[in-house]
Amino acid sequence: MNYNEVFEKAIADLKSEKRYRVFTELGRHAGDFPRATRHTENGTAEVTIWCSNDYLGMGQHPKVLAAMKDAIDEFGAGAGGTRNISGNAHMICELERELADLHGKERALVFTSGFVSNDATISTLGKLLPNAVILSDELNHASMIDGVRHSKCEKVIFKHNDVADLEEKLKQIDIDRPKVIAFESVYSMDGDISPMKEFCDLADKYNAMTYLDEVHAVGLYGPRGGGIAEREGLMDRIDIMEGTLGKAFGVVGGFITASEAIVDAIRSYASGFIFTTTLPPAVAAGALASVRHLKQSQMERASHQERAATLKKLLMDAGLPVLQTPTHIVPVMVYDAALCKQASDMLLEDYGIYIQPINFPTVPRGEERLRITPSPFHDDQMMDHLVSSLKEVWKRLGLRQAA
């Protein structure tokens, strides 16, 4: 077998389906988000980032930067290995105490990424709960899907945010059989919110645990940035809350919060935690500063919501096919993979606007889009430039207007 041909064909297939992903080389400007320098073979150019998950620009916040610099001076660069080998770094312990408090839980556990926290936790739940069944929303993130798959227990997929469908499936399962209902709060592509209270009611009725992914909500919603569950007063009804440090909190890492027993069991059994080098102290320190700041400050959240609402109105008034969402996610629909990539390329090359195309399998075929994420630092001038540029690109490519 010519092994290289197998991989070449796999890439060729992606290209023929217009799904081949190209990563743009960018250098973000410290203290000047969302500005960045684009690097190419032909030199550099200045661009404005419109699709970052650093939703609040906390990756550039002076408190975060100062905390990371101080931690480097005090603790050095690396963590030294896994926590099992190198012990619990002080900054990680401080961060976990702060995250547990954020969600009103007994304990928290930090992982190297949000993907790992979902995969490791869900897979371990499935292995520890005898004869368990995991009920998973059909639009759950790939990390949750992998966690369910790796658990090797029975899975049941219910229709997206469909309370009736979930209950119908719960009825078919023995009331005494261990069950986990896994869902997200904010779904990052359509920007919709799960019917959390109703899912919790079903969990109580049918004797199930609840597992909530809040990665696109922590820091952004609730009086202290605890997420949608905090905003809705439901944190005490969620058994396990999962979040990320790499979006609203501006650094990198993932975490769960839950009871002492649940967290200790995941800590003790999850391979994705046990055998992975932990986050460097500087990253933990930056995350800690970010979480603490956003617990106290409402300014970033208020500005973020205002900016998202303003941009949605501007896009709608311009006749662009923006998907109206109840959250900060602003999808502009293209409905075609090749045209979506062309639109993204034009915006970058001709207008200095960076928005990655969203194609299958992230979204279903025919639902391709540009996913825009305005931050508190996208001012009116930037928004006017974005909207006028989108209008020109839509005209040049003959793309579908708003209905």
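**View 1. Strand β5 pairs with strand β7 (residues 179–184) in the parallel sense over 4 bridges.** Strands pair if DSSP finds at least two bridges between them; strands (E, at least two residues) and helices (H or I, at least four) are DSSP runs numbered from the N terminus. Leu135 stands opposite Ile181 in β7. The model is predicted: local features need pLDDT of at least 70 and side-chain atom pairs count only at pLDDT 80 or more, while totals for chains, interfaces and linings use all residues. Residues are numbered from 1 along each chain as its sequence is written, and side-chain values use heavy atoms, with hydrogens and water left out.

**View 2. β5 and strand β6 (residues 154–158) run parallel, joined by 5 bridges.** Ile134 is placed opposite Lys155 of β6. Together with helix α6 (residues 142–151), β5 and β6 form a right-handed β-α-β unit; right-handed means that, with the strands pointing away from the viewer, the path from the first strand over the helix to the second runs clockwise.

**View 3. Strand β5 (residues 133–137) is largely enclosed by the rest of the structure, because 5 of its 5 residues are buried.** Buried means under 20% relative accessible area, exposed over 50%, and partly exposed in between (1.4 Å probe, protein chains only). Val133, Leu135 and Asp137 lie on one side, Ile134 and Ser136 on the other.

**View 4. The largest nonpolar core has 60 residues.** Such a core is a set of buried Ala, Val, Leu, Ile, Met, Phe, Trp, Tyr and Cys residues joined through side-chain atoms within 4.5 Å. Helix α12 (residues 281–296) supplies the largest share of this core, 9 residues.
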